[in-house]
Amino acid sequence: VFEVEVASSGAVVTVQKDESIVDALRRVDVDVITSCAQGVCGTCETGVLRGVPDHRDALLSEAERAESRCLYPCISRAVSDRLVLDL
Ligand code: FES
């Protein structure tokens, strides 16, 4: 369980164990467009402003993971207690 903050509105939502970041964001009326929902297509790419993602996609290279300027919220989660997303 961790929190996601929407940078543009300041809205904060808790992401439960059994849901994705995309699912949780719907509760604060933020609609991230998805396609595969499995971390393979790249459609849902979202910028990360703060926090440490737990990348679970099959797209980012090691270097990109280390940088963590974006994540794929259909599948990825967080290591830190909160992620601030560029939404
Ligand atoms: Fe395909 Fe997220 S919807 S990577």
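## Strands and pairing

Two strands count as paired if DSSP finds at least two bridges between them. Helices (H or I, at least four residues) and strands (E, at least two) are themselves DSSP runs, numbered from the N terminus.

A word on the model and its numbering first. This is a predicted model, in which local features need pLDDT of at least 70 and side-chain atom pairs count only at pLDDT 80 or more, while totals for chains, interfaces and linings use all residues. Residues are numbered from 1 along each chain as its sequence is written.

## The sheet

Let's look at the sheet as a whole. Five strands make up an open sheet with mixed pairing, and their order is β2-β1-β7-β3-β5. The edges belong to β2 (12-15) and β5; each has a single partner strand, so one side of each lacks a neighbour in the sheet.

Strand β1 pairs with β7 in the parallel sense, over four bridges. β1 and β2 run antiparallel and are also joined by four bridges. Here F2 has V15 of β2 as its bridge partner, and E3 has T14 of β2. Five residues lie between the strands in this β1 and β2 hairpin, where G10 takes a positive phi near 80°.

## The nonpolar core

Now for the interior. A nonpolar core is a set of buried Ala, Val, Leu, Ile, Met, Phe, Trp, Tyr and Cys residues joined through C-beta atoms within 7 Å. A residue is buried if 20 or more other C-beta atoms lie within 10 Å of its own, exposed if 12 or fewer, and partly exposed in between, with C-beta atoms placed from the backbone.

The largest such core has 17 residues, and V4 and L83 have the most contacts inside it. At least two residues of this core come from each of β1 (2-6), α1 (21-26), β5 (70-71) and β7 (82-85). Helix α1 gives the most, with three residues. In soluble globular proteins, nonpolar side chains tend to be buried together.

## A closer look at L83

Two residues are in contact if their C-beta atoms, placed from the backbone, lie within 7 Å. Apart from neighbours within four places in sequence, L83 is in contact with F2, V4, V48, G51, P53 and A78.

The chain also brings together residues that are 78 apart in sequence: the C-alpha atoms of L83 and E5 are separated by 6.1 Å.
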